[in-house]
Amino acid sequence: MRETPLSNCERQFLVQAIAEKKRLDGRQTYDYRNIKITFGTDYGCCIVDLGKTRVLAQISCELVAPKMNRPTEGILFFNLELSQMASPAFEPGRQSELVVKLNRLVERCLRNSKCIDTESLCVVSGEKVWQIRVDLHLLNHDGNIMDAASIAAITALCHFRRPDVSIQGEDVTVYTPEERDPVPLSIHHMPICVSFSFFQQGTYLLVDPSEREERVMDGLLVIAMNKHREICTIQSSGGIMLLKDQVLRCSKIASVKVTEISELIQKALENDKKVRKEGGKFGFAESMPNQRITAYKMEVAPVDTDDIGKKAEDLISNTEPPSEIIPSPVVRAPGTGQIGEGLQNSWGLDENEDGEEAEDQTMEEELQTMDVKVKSVNKEDPIVLSDSEEEDVVVLEPKIMKKEVKVQASSTAASKKKKKKKPAH
C-alpha cells in the first residue's frame, strides 16, 4: 500500500509554520518529544517511545565459531524490521531502501564505534565466542526512526546479561541464571543518534522531525555522539549543501541532547535494577497507567462482618410471623376451584346455567303476555303481531295464530330442557 501524499495546502502550511518557528505539536525548534523507556521481564528486552514512535529491542546470544580473521573477538549482529503494523506504507517480505539505510546506520553507530568490548565475548580463542544479536522492531511510525532505534539498541545492550561459563580442559559449561548470576556486557560508551531536518535548502533547521515534517524536508543530517562529545558517525542525505558553520552548530546541539538522553537511560537502568533487587513488580504490564481499561484496578470496599449474627436475629425478631389461617378452597363448579380471595370466575359453568334460567323466565313472560293479548281481541278482528324491531306487520286468523304460538313455545321449552340434561365437559 502506497503512502498517501500530502496535498499542496498541507505542504505550504507546514513550511510556513516552520518559517515562523512553529510546529504542529507545539514544540520549539530544538525540542525533543517525550522519551519513555520500559523494560520487560527478561534481561535485554525494552521498549522506547519517542512521542508516538515506538521501537522494541530484544537481545539474544549464543556460542558460535569466530571469524577466521578475528579469532579472539565476538560477533555483533543487528537487524531492524519495519512491519506493516507500524505503517501501512511498509511492504512485507522485501527490504526497501529505507530499511537498508537504517540497518547500515545502526551498524556504523554501534559496531564501528567500538562501544562494546568484543574481545570480552571470547570463550575459547579460535573455537567459541559469543554472538550477540540485536533485533529491533518498529511497532509504530511517527517519524525519526533512527533516533528511537539507537536509544532502544544501546539501552537493551546495557540491560542485557549473558550466561556465565566455565572452562575445564576442553569442556565448556554454560550455567543457567539459577546456578550462577548472568554477566553484563562490557560497554565502553553509549553512542546515540540525533537527527536534524533542513527546510528550504538549509534555511530552517529542526530537531527530532515528526512524520509529516519528514515528508516536506529537503535534507536530513544524523549525528551519532556519546556524552564525552565524541562523534561516532555522521551521515547527510537529501542532496543539500551544508556549510561548515551549520554542521558545527548541529554538533553542539547534539552534544547537549545526547547528555540528556544518556542521563535518562542511566536513571531507567538504575530504577529497574532497584525494583528487581527489592523483589517488586516489573515488566511491560506494570508500566501501563491505571487509567487504561487494560490495567484498571478497583478499590476494595471494606465490609464489617462482625455483627452479622446479631443483625440477623434482630431482623427475624422484628418481622411479623406468618398467619396460621389457611383459606379453604372454593369449588365454583365441577372441575374448577378457587383458593383465597380472588375475582369471580367469568367462564365457569355456573354462569351458563344462570344465563339459561334467565332466558326461560323471559320466554314464559312473553307467552303470558301474548295469551292475554289474544284473549282480549275479538274473533272478527285480525291479529297484529310485531315481534321485530323493524315493525313488520303480519295478519293472521285468530284461531290459527293461537295454535302456532302454543306449538312454538312448547318446542322451545323442550329444547331448553334437553340442553340442561347434557353433562358438563
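Two residues are in contact when heavy atoms of theirs lie within 4.5 Å of each other. The structure is a predicted model, in which local features need pLDDT of at least 70, side-chain atom pairs count only at pLDDT 80 or more, and totals for chains, interfaces and linings use all residues. Residues are numbered from 1 along each chain as its sequence is written, and side-chain values use heavy atoms, with hydrogens and water left out.

The protein contains eight helices and 16 strands; helices (H or I, at least four residues) and strands (E, at least two) are DSSP runs, numbered from the N terminus. Of its 425 residues, 33% are buried, where buried means under 20% relative accessible area, exposed over 50% and partly exposed in between (1.4 Å probe, protein chains only). Among contacts with a separation of 6 or more, 67% are between residues 24 or more positions apart.

An α-helix has 3.6 residues a turn, so residues three or four places apart point the same way.

On a 1 Å grid over the protein atoms alone, a pocket is an open set of points with protein on both sides within 12 Å along at least five of seven lines, and lining residues have an atom within 4 Å of a point. The largest pocket holds about 1200 Å³ of space, a volume being the space filled by probe spheres set on the points, which are joined across faces, edges and corners. Of the 44 residues that line the largest pocket, Leu 82, Phe 90, Leu 98, His 141 and Ile 145 are the closest to its centre.

By class, this lining has 17 nonpolar, 16 polar and 11 charged residues. Here Ala, Val, Leu, Ile, Met, Phe, Trp, Tyr, Cys and Pro count as nonpolar, Asp, Glu, Lys and Arg as charged, and the others, Gly among them, as polar.

Conventions: 1 Å grid on protein atoms, 1.4 Å probe; cavity = no way out; pocket = protein on both sides within 12 Å on 5 of 7 lines; lining within 4 Å.
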